[in-house]
Amino acid sequence: LEKFLDEAERLAADDALVLERVRREREYFNLTFVKSAGQYRAMQGAKCVARKVSGPMTIDADAGKAVWRNAQPVTDFVQFLGGGKLAKHQTVVRAAYDDENLYLLVEGLDTETDRLIAEAVKRDDPVWKDNNFEFFFAPPALGAEYVHFVINHKGVIYDTKNRSTLDSDLDFNLKAETAVKVLDDRWVVELKVPFSELGGAPKPGDAWPVNVGRGRNAKDSKDNAASSWSHEGRMHGIEGFRRILFDAH
């Protein structure tokens, strides 16, 4: 497209009106497609590194465990369709794995944890309307499908296996172990997902598309908003998911 615009400018050199139109098209092109492509490349390049751990992991939402102190933190969540702007209430993700499981620790920073909203009470209630974290797992073994897992700060879960936002299997239940902790300045979820639920274990060096999203929802707050670590802060859409890199060390 840039080459076509260059050629159009050359051909319109003797017509000021057409030349101005071509230059305006270039301006729009740079402000939309080029800018968005740059953001996409930057986000795809910033992988979340999961290092391999040995020994049993206790799932208790304790961010002070050695495995999490030594893990690489990933943050810079962006607002949902917010033009690349960072979310006001940031989220921090850490990942690890062993031969059988993927582990995630997610911390939602918040100054109003006493006002967080959670109305869902049973599995597969509309947890996405609550204050929540959303996880989207798209390992290669699932093909075009992906697992959608949502949890609120009360520990209530919504989960499906999806082909799209309109094609989901609500009967699917992810056999994951979870723990939730609400603190004064954040709320924390620790998640253990067996690789058997995701089509099999990765090889060292593999990078799986995974999205982590957040629906921040507090009573009487002006700062309620959705965000994620993927392109444009989106939730669904595998092509925009960030990747978890399974490190061998």
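Which residues form one aromatic cluster? They are Tyr 97, Phe 195, Trp 208 and Phe 246. Keep in mind that this is a predicted model, where local features need pLDDT of at least 70, side-chain atom pairs count only at pLDDT 80 or more, and totals for chains, interfaces and linings use all residues. Residues are numbered from 1 along each chain as its sequence is written, and side-chain values use heavy atoms, with hydrogens and water left out.

**Aromatic pairs**

- A pair of aromatic rings is described by the distance of the centres and the angle of the planes.
- Rings of Phe, Tyr and Trp (its six-membered ring) pair if their centres lie within 6.5 Å; planes under 30 degrees apart count as stacked, over 60 as edge-to-face and the rest as tilted.
- The structure holds 13 aromatic pairs.
- One of them joins Phe 77 and Trp 229, a tilted pair with 6.5 Å from centre to centre and 45 degrees between the planes.
- This pair links distant parts of the chain, 152 residues apart: Phe 77 is in the loop between α3 (66–69) and β2 (78–79), and Trp 229 is in the loop between β12 (225–228) and β13 (242–246).
- Helices (H or I, at least four residues) and strands (E, at least two) are DSSP runs, numbered from the N terminus.
- Phe 77 counts as buried because its relative accessibility is 0%, and Trp 229 is buried with a relative accessible area of 0%.
- Phe 136 and Phe 241 form another tilted pair, at 5.8 Å centre to centre and 50 degrees between the planes.
- Here too, distant parts of the chain are linked: Phe 136 belongs to strand β5 (residues 132–137), while Phe 241 sits in the loop between β12 and β13, 105 residues apart.
- Both Phe 136 and Phe 241 are buried.
- Buried means under 20% relative accessible area, exposed over 50%, and partly exposed in between (1.4 Å probe, protein chains only).

**A strand hairpin**

- Strands β9 (residues 177–182) and β10 (residues 186–194) pair in the antiparallel sense over six bridges; strands pair if DSSP finds at least two bridges between them.
- Three residues lie between β9 and β10 in this hairpin.
- Glu 177 stands opposite Lys 192 in β10.

**Positive phi angles**

- Ala 61 is not a glycine, yet has a positive phi of about 60 degrees.
- Ala 61 is found in the loop between β1 (48–52) and α3, and counts as buried at 3% relative accessibility.
- Asp 124, also not a glycine, has a positive phi of about 70 degrees.
- Asp 124 lies in the loop between β4 (101–109) and β5, and is partly exposed, with a relative accessible area of 21%.
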